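Work through the exercises below with the sequence and the model at hand. Each task is followed by a solution in steps.

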Amino acid sequence: MHEFSIVDSLIHLAEEHAAKNNAKKVTKLEVKIGELSGVEIELLKTAFETFKEGTICEDAEFIIINQPVIIRCEECGYEGKPNKDEYLCPKCKSPKLKIIDGEDMYLMSLELETED
């Protein structure tokens, strides 16, 4: 389960940013997860809840934004969601598609509580 290593990386990244900004804790982490990223969202939530204990993220809210697949048609320029289980442009039916979003996972925002 690579969700555990993802959470480990997220917590490590949060600790680095907190140290650079003299923060005493992380209050919120927001991630965007693409439908094709291979990340199991429920496992990621469970892993975060388990591994945040005793870290700077212990009280952090964990927000996940689900990113659907977005395509661009190389023929007509359509950008948007594809039809389910169809590998053709919904507008012109061309098979020349490029996935432009929905394959990756990103840390979108991190909120820190700084020391006074």
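**Exercise 1. The contacts of one leucine**

Task: In this predicted model, list the residues that L44 contacts, leaving aside neighbours within four places in sequence.

Solution. Step 1: A contact requires heavy atoms within 4.5 Å. Step 2: With neighbours within four places in sequence left out, L44 is in contact with E3, I6, V7, I33, V39, F62, I64 and M105.

**Exercise 2. The nonpolar core**

Task: Which members of the largest nonpolar core touch the most other members, and which elements each supply at least two of its residues?

Solution. Step 1: The core holds 20 residues, and those touching the most other members are V26, L29, L44, F48, C57 and F62. Step 2: At least two residues of this core come from each of α1 (3–20), β1 (23–34), α2 (41–51) and β2 (61–67). Step 3: α1 gives the largest share, six residues.

**Exercise 3. Fold order and overall dimensions**

Task: Give the order of the elements in the protein chain and decide whether the chain is a compact globule or more spread out.

Solution. Step 1: Two helices and six strands make up the secondary structure. Step 2: Read from the N terminus, their order is α-β-α-β-β-β-β-β. Step 3: The radius of gyration is 18 Å, while the globule rule gives 13 Å for 116 residues; the value is well over the rule, so the chain is more spread out than a compact globule. Step 4: The C-alpha trace spans about 55 × 30 × 15 Å along its principal axes.

**Exercise 4. Burial, contacts and charge**

Task: Describe the chain by its buried fraction, the sequence range of its contacts, its surface and its charges.

Solution. Step 1: Of the 116 residues, 32% are buried. Step 2: Among contacts with a separation of 6 or more, 72% join residues 24 or more positions apart. Step 3: The accessible surface is about 7,300 Å², and carbon and sulfur atoms account for 47% of that area. Step 4: There are 14 positive and 25 negative side chains, with the centres of the two sets 8 Å apart.

**Exercise 5. Positive phi angles**

Task: What is the phi of N22, and what is the phi of D85? Are N22 and D85 buried or exposed?

Solution. Step 1: Most residues other than glycine have a negative phi. Step 2: N22 has a positive phi near 50° and is not a glycine; D85, also not a glycine, has a positive phi of about 55°. Step 3: N22 lies in the loop between α1 and β1, and D85 in the loop between β4 and β5. Step 4: N22 counts as exposed at 54% relative accessibility, and D85 is exposed with a relative accessible area of 70%.

Technical notes: Residues are numbered from 1 along each chain as its sequence is written. This is a predicted model: local features need pLDDT of at least 70, side-chain atom pairs count only at pLDDT 80 or more; totals for chains, interfaces and linings use all residues. Side-chain values use heavy atoms; hydrogens and water are left out. Helices (H or I, at least four residues) and strands (E, at least two) are DSSP runs, numbered from the N terminus. The radius of gyration is taken over C-alpha atoms; the globule rule is 2.2 Å times the number of residues to the power 0.38. Buried means under 20% relative accessible area, exposed over 50%, partly exposed in between (1.4 Å probe, protein chains only). Accessible areas come from the Shrake-Rupley method with a 1.4 Å probe; for residues, only the protein chains shown count as cover. Lys and Arg count as positive and Asp and Glu as negative; His and the chain ends are not counted. The place of a charge is taken as NZ of Lys, CZ of Arg, CG of Asp or CD of Glu. A nonpolar core is a set of buried Ala, Val, Leu, Ile, Met, Phe, Trp, Tyr and Cys residues joined through side-chain atoms within 4.5 Å.
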